[in-house]
Amino acid sequence: MGNTQGKELSPKMRERVLKLFAKFDVDGSKSIEKTETIKYWKSNFAKLNTEELFKSVDTDNSGTISEEEWLNFWTSVLRSGHTEEEISDELESIETGSSWCKFENLDKKG
């Protein structure tokens with residue numbers, strides 16, 4: 001697997017990750033609130049998905065997810081050994097309304 005510490009998202013993947021962030025951030029505040037994610041998932045286990053998302057991504061426990069936290073999360077997924085193709089598949093799944101995937105063994109420092 002080699003050294004994954006310095007891995008960064010490619011510009012194309014970074015753009016894709018931010019595009020999904022914008023789908024959640026309907027008010028354009030550059031942060032995601034729980035009410036926005038509950039609306040996004042509607043009735044598809046919205047509260048459960050929201051709780052898992054915030055446990056994984058809201059590293060400062062502020063109750064909102066900043067763009068920086070969002071990018072750091074997906075960078076951590078990449079650095080933990082997942083490929084951009086796997087990340088892309090997960091983003092696509094979320095974009096179509098599927099449940100939040102809990103990634104294990106992530107370095108929370110990003």
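Here is a short chat about a few residues in a predicted model.

Guide: Residues are numbered from 1 along each chain as its sequence is written. Local features in this predicted model need pLDDT of at least 70, side-chain atom pairs count only at pLDDT 80 or more, totals for chains, interfaces and linings use all residues, and side-chain values use heavy atoms, with hydrogens and water left out.

Visitor: Why is K30 called exposed?

Guide: Exposed means over 50% relative accessible area, buried under 20%, and partly exposed in between (1.4 Å probe, protein chains only). K30 comes in at 52%, so it counts as exposed.

Visitor: What makes the phi of K30 worth a look?

Guide: K30 has a positive phi of about 65° and isn't a glycine. Most residues other than glycine have a negative phi.

Visitor: How do you know that N61 counts as exposed?

Guide: Its relative accessibility is 67%, and the cut-off is over 50%, so N61 counts as exposed. N61 also has a positive phi, near 55°, without being a glycine.

Visitor: Which residues is S31 in contact with, leaving aside neighbours within four places in sequence?

Guide: With contact meaning heavy atoms within 4.5 Å, they are F21, D25, E36, T64, I65 and S66.
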